[in-house]
Every structure is written in structure tokens, then in C-alpha cells.
Amino acid sequence: MDVVAVGIFLAALILIAFEWTHRTKVALCGAAAVVLLGILEQEQAIAAIDWSTLGLLVGMMVIVGLTERTGVFTYLALRVAQLSRGRPMRLVFLLAGVTGVMSAFLDNLTAILLVVPITLLLADLLKVSPIPLVLVEVIASNIGGTATLIGDPPNIMIGTAKPELSFLDFIVNLAPVAIVTLLVVTTGLALAFRKQLVIEPERRREVDRLDPAADMRGAPYVTRSLLVLLGTIVGFFLHAPLHIEPAVVALTGATVMLLVAADDVENALERVEWATIFFFIGLFVMVGGLEERGVIDRVAEGFADLTGGSRSLEALVILWGSAAGSAVVDNIPFTAAMIPVVDSLQGDGFDDAAWWALALGACFGGNATIIAAAANVAASGVLDRSGQPVSFVRFLMVGLPVTAVSLVIATVYLVLFQL
Amino acid sequence: MSSLHDIELIPASVDVSATFDEAARALAESRLPALAVLDEGRVVGLFTDEELLLGVSPKYLDELRHTAFLESELPSLREHAAAVRSEPVRKHMRKPITVELDSSSLHASERFVHCDEGAIAVVDGDGRFVGMLSKAEFAYAMLRRLTGS
């Protein structure tokens, strides 16, 4: 049964990595196999699902989905484009900045889906290729999302699995390294793309003629939606002292949003990406199967043997190993499998450095390949549909050096401040 | 009313070898929201007003949710429209929605309600194209017949 549980999980990872079919179908098939083959009883499978993660995801999807109608995110993206005055280097930094911040406080996938379409239009207006700008945004979204508990799915999973780590802990421990990494990486990308981002002087003035607030005028519930979004973010900052779980904050925010800023509940709930939710459900059940069969404990033991029990080596292996694993498969299933491994390594103790190493490795590793993070897949889909596809290799040529630089920065940070 | 025989059908169609430009002209002249794309008399696709609109718009239009901020025309639109004119219509058609000439009016109504098209293709028992049925024309014909007016 142990071999079967491992086989199901590895087969699922391979299918997800090669995108032979939708990842949600793969995860649900894997979960069904785990239960039908008796690796887990039905009750155990349901208990293996991390409902807090799902609650946090659903809550944020409703809040962000309803706020998106107001045009406020379009406003932000256009304002930074105007601040750039059509100068390419400034544009790269400002787009990276706004994407990074939006990723940190919404989530990186949402940020990409909001920013990339506007970027395609801006690039069209400025007569430059959108691909360098979109690549910068994808990378910024994965780095920016590293900064908070809600910014990137690996962090959401870690934050909900380890209640000892608060929203503020994530910011204090991860935001500084994320900001430094974003600045370094964006500088490198701006230099690398400078020849592809030449904007003719007469096109530069086009951004001044945009009216960023146009879509907000007449949009429904602008003030209410923004107040609820801001209130929810404040709630995340206060969840630990108030002894409220992040999922409760998100679901309360979503409920208030439905009460004050949604006329049609069914339409509002269409903002929930159910495919993503069911993907997580399938993953949790498959990982639950691995835990039940003792596979996770054996992996953790092997890991401890490898590192000789050294705390520093353990954290660095988690960092680089998570990045490599995330690059090859997808950082969501990889993190789902790694959380119980790190948990098992720690036994009864608690060492937050290992968790920061996992968060940094999985989130930064998400930049390595086009399939490594949900935001990358989403951006590449938008580019495909717009007739400007980015190949796996082209993404890799940018993503791999970016990931290497990010991991070096993360290593220095962990060694200097956490170990 | 038990079939579509006595409703006016419009023989609006283009051959699958037609260009986007030819299909666009035929669609505009038919004054229908969709026309049939035929291959040897059989319906292989529909070319609708949406395909026409998306064809002359940037490909990323569907991804955008807000565009009121744009006050000037995109410089690429003219080049894009020039390029799309000579493209084959088969690149721009959608899956055909058909209904048989002998179908009941209720079946045709159900097809219209669930396919969300403004016009669908009517075919004979052998699957050969007979004509396009417009939703408005069909609904108005039903109203007249059911009320005896």
C-alpha cells in the first residue's frame, strides 16, 4: 500500500508537470484512487483536507473578485504606467512594484490576471513587445507573493498548517528579503530587456492621455468594496492578537462583502475558482494517504540523515530542495507534500527558520519554469490567447537565473538572520 | 406549429474556402447575426457577429474587463484589421449549432435558449444546409402562429 500511495502521488506530479490534462482532474483522480484502494477511509480522507486553506482561498476569491468590478486595480496599473512617463526602465520598475504589492495583499495569481491584460494593451499603445513586461510581472508576482501569508498558495498552506506563524510573522520574516530580491531581480531584468523595450518618444505621450479613473466612475459599490478589502487586510494584521484564524478573517470579509456590495449572490460566488479549490482538495487527500502510510515520516528520516541533524544545513536543503521541486512540478503540490515532512522533522519542537526556508524555496522556485507556479501558467495562457506565446525554453532562460539569484539572496538572509 | 417548414429561412452562407473579408461582407449583407460556413453543402461552422468583432479587435480584448480609460485609438488596430482580411474564415468560425427542418418549434426554442446564438443553421434529414433561422424571426413567427394573427 505504501508503494501504491507513492505511485499515485508521483503519477499525479508527472501528469501535472507535463500538463497532459487539467491539474484538477489529476488531483481528484488521485484522491479517488487513494480512497477506493483503501489507503485512506472516507472519514480519514475528509479529515486530511485542510479546510482552513480552502476557507482562506474562497474568502479572498470573493473579496478580490467583487473588488475587481470597481476598476480600482486597473486604476493602480494605469497610474503607475503614467508615473513612468512612458520611459521603459521606469515602467519595468513600477509595473514590478505594483504587481509585487498586489500579489502580497491579494494573491499572486489574481494579481497576474488583473495586471497582464492591461499590460498587453499598454504594450500595444506604446508599440513594444508585451513579453518582457509580462515576464517581469510574473516574476514580481511570485516574489511579491512571498512577502505575506496570503500572497502565494505555498504561504497560505504553510500559514494555515502552522497557526504559530501569524500574518505579521510572515511580513516581518519574509517581506524584507522579498523586497530586496524584487529590487535586485527587477534591476537585472530591466537591464536584460532594455533593448527590447525601446519606446518611440511620440508613443510615450500616449500614457498621459489615459484616464485611469474612467472605469471607476459609475462602477457599483466602489467605496464599500474598498472598505471591506482594506478591513480584511487590517483583520489579517490583527488576527493573531485577536486569536482569529486567517481563514475566519477572509470568510468574514467575504460575508460582509456579499452583504454590502453584491446584489446577486450566485453571480458573486461565480468569482470563486472552483477548479482551484477542488485541486487543493485532491492534493490534500493524496498527501493524507502518504502520511497515513508513514511515507512522509520515512522521507523526513532520510532528510534528517542527509543533513546530519544540522539545523542550518536542514534549512538550506529545504530552501534549495523546495525550489528545485517546485520548478520541476508545481509549487502547490510540492508544498503540500513538504509541510508534513518539515513537521515530522521538527518532532515536538518548533523552529520557524525551517518554515521560512520552505516558503522562500517554494515561492522563489515558482519563478524557475513556466509550470512552477499557478501565476506563470495563467500568464502564459493569456499570452497564448493574445497570439504572443512564450515557450517553455524562453521562460526558462529568464526564470532560471532569476531563481538562482533569488535563492542566493534567500540563503544569505537565512544564514545571517535566521540560523 | 409542429415544424420549421413555414418559417422564412435565409440562405446566408459562405464556403469554407472563403476569406474573413468575404465572410464579413456576406454577414453584413445578410443582416443576420450569424451565417453558415459550408463544406460541400454541409454546415461545418458558424461565422457570427462576435467572430467578426473579435477578428477586427486585438486578440487580448477578451481578457480585458475595463477599457473606458482609453481615449485614443490603438496604433495596431489598422495593421491588425488589414492582416485579418485575408485570413481563411475557417480560422474564425465556431462550432455549428444546427436544427433539423422537421424539428418541433419547442425543440428549436430550446436550442436557441441554450446555445445563446442569434441565428442557427437549419439542415435537412441528410444534414445538408437549408438556411439560417434567426431567433427574432422564429420567435415572432411563433407569436403570430400561436395567437392566430
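Chain A has a radius of gyration (taken over C-alpha atoms) of 21 Å. A compact globule with 419 residues would have a value near 22 Å, so chain A agrees with that expectation. The globule rule used here is 2.2 Å times the number of residues to the power 0.38. Along its principal axes, the C-alpha trace of chain A spans about 65 × 45 × 45 Å. The model is predicted: local features need pLDDT of at least 70, side-chain atom pairs count only at pLDDT 80 or more, and totals for chains, interfaces and linings use all residues. Residues are numbered from 1 along each chain as its sequence is written, while chains are lettered from A and ligands numbered from 1 in the order in which they are written.

Chain A holds 21 helices and 0 strands. Helices (H or I, at least four residues) and strands (E, at least two) are DSSP runs, numbered from the N terminus. The axes of helix 18 (residues 331-346) and helix 19 (residues 352-365) of chain A come within 11 Å and cross at roughly 165 degrees. Axes are lines fitted to C-alpha atoms, for helices over the stretch in contact, and angles run from 0 to 180 degrees between N-to-C directions. The crossing angle therefore makes helix 18 of chain A roughly antiparallel (over 145 degrees) to helix 19 of chain A. Residues making this contact (C-beta atoms, placed from the backbone, within 7 Å) include Phe334(A) and Met338(A) of helix 18 and Trp355(A) and Leu358(A) of helix 19. By class, the contact has 9 nonpolar, 4 polar and no charged residues. Ala, Val, Leu, Ile, Met, Phe, Trp, Tyr, Cys and Pro count as nonpolar, Asp, Glu, Lys and Arg as charged, and the others, Gly among them, as polar.

Chain B contains an open sheet of 3 strands in the order 4-5-6, with mixed pairing (at least two DSSP bridges between two strands). Its edge strands are strand 4 (98-100) and strand 6 (129-134), each pairing on one side only. From one strand to the next, the twist averages 35 degrees. Strand 4 and strand 5 (residues 119-123) of chain B run parallel and are joined by 3 bridges. Val123(B), in strand 5, is the bridge partner of Glu100(B). Helix 5 (residues 135-147) of chain B packs on the sheet and touches strand 5 and strand 6. The direction of helix 5 makes about 75 degrees with that of strand 6 of chain B.

Between the chains, 16 residues of chain B are in contact with 21 residues of chain A. The chain B side divides into 8 nonpolar, 3 polar and 5 charged residues.

Conventions:
Two residues are in contact if their C-beta atoms, placed from the backbone, lie within 7 Å. Angles under 35 degrees count as roughly parallel, over 145 as roughly antiparallel, 65 to 115 as roughly perpendicular and the rest as oblique.
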